[in-house]
Amino acid sequence: QVQLVESGGGLVQPGGSLRLSCAAPESIFSRRIIAWYRQAPGQQRTMIAYINTSDSPTYADSVKGRFTISRDHAKKSVDLQMNNLQLEDTGVYYCSWLGSGSWGQGTRVTVSS
C-alpha cells in the first residue's frame, strides 16, 4: 500500500514557524489532490489544508492566514508552511491523498513555551 512520508515536525514556541514536507511518488503527486491533516491529543484526525493538481489550495478556518500549502514540483513534495503557531496547533500531522485511506507515521508538532 502506498504511503506518503511526512517530515519536518518538532518543538516550537508560540508564534514560531515550522515547515512540514510530504514526499509522494510521481503517480500520486501528479494525479491526486493531496491534503494535510492534524490529530490533536485526544481528538480525531481532521483535514487542515489540501491542494489540487492545479496548485490551488484550500484551508480550514483554523489555519487560514497562518498556514500555506504548496507543491514542490522538483522534489515531488507537498509542503506546509506553518507560521504564528499556537498551542492548539500541537498534534501529529499527516498527509495523504483524498480518498486514499492510507496513512503514514506522521510528524509530531509540539507548540509549547
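Predicted model: local features only at pLDDT ≥ 70, side-chain atom pairs only at ≥ 80, totals over all residues.

Biologist: OK, how many disulfides does the structure hold?

Modeller: There is 1. Cys-22 and Cys-95 form it, with their sulfur atoms 2.1 Å apart.

Biologist: Which parts does that pair tie together?

Modeller: Cys-22 lies in strand 3 and Cys-95 in strand 9, so the link joins parts that are 73 residues apart in sequence.

Biologist: And what's the handedness of the link between Cys-22 and Cys-95?

Modeller: Right-handed, with 80 degrees about the S-S bond.

Biologist: Are those cysteines, Cys-22 and Cys-95, buried or exposed?

Modeller: Both Cys-22 and Cys-95 are buried.

Biologist: Switching to the core. Which residues of the largest nonpolar core touch the most other members?

Modeller: Trp-36, Leu-80, Met-82 and Tyr-93, out of 25 residues in that core. Several elements each supply at least two residues of this core, including helix 1 (26-29), strand 4 (34-39) and strand 8 (77-82).

Biologist: Let's take Leu-80. What does Leu-80 touch, leaving out residues up to four places away in sequence?

Modeller: Quite a list: Leu-18, Arg-19, Leu-20, Trp-36, Ile-48, Ala-49, Phe-67, Thr-68, Ile-69 and Tyr-93.

Biologist: Now the rings. How many aromatic pairs are there?

Modeller: The structure holds 2. In one of them, Tyr-37 and Trp-103 sit edge-to-face, 4.8 Å centre to centre with 85 degrees between the planes.

Biologist: Where do Tyr-37 and Trp-103 lie?

Modeller: Tyr-37 is in strand 4 and Trp-103 is in the loop between strand 9 and strand 10, so this pair ties together parts 66 residues apart in sequence.

Biologist: What about the pair of Tyr-94 and Trp-103?

Modeller: Also edge-to-face, at 6.0 Å between centres and 80 degrees between planes. Tyr-37, Tyr-94 and Trp-103 form one aromatic cluster.

Biologist: Why does Tyr-94 count as buried?

Modeller: Because its relative accessibility is 12%, and the cut-off for buried is under 20%. Tyr-37 counts as buried too, at 10%, while Trp-103 is partly exposed at 26%.

Biologist: Which residue has its charged end over the ring of Trp-103?

Modeller: Arg-45, with that charged end 3.7 Å from the ring centre. Elsewhere, Arg-71 lies over the face of Phe-29, at 5.0 Å from the ring centre.

Terms used
Residues numbered from 1 in each chain as written. Heavy atoms only, no water. Disulfide = S-S within 2.5 Å. Helix = DSSP H or I, 4+ residues; strand = E, 2+ residues; numbered from the N terminus. Buried < 20%, exposed > 50% of the residue type's maximum accessible area, 1.4 Å probe, protein only. Core = buried A, V, L, I, M, F, W, Y, C linked by side-chain atoms within 4.5 Å. Contact = heavy atoms within 4.5 Å. Phe/Tyr/Trp six-rings, centres within 6.5 Å; stacked < 30°, edge-to-face > 60°. Lys NZ or Arg CZ within 6 Å of the ring centre and 35° of its normal.
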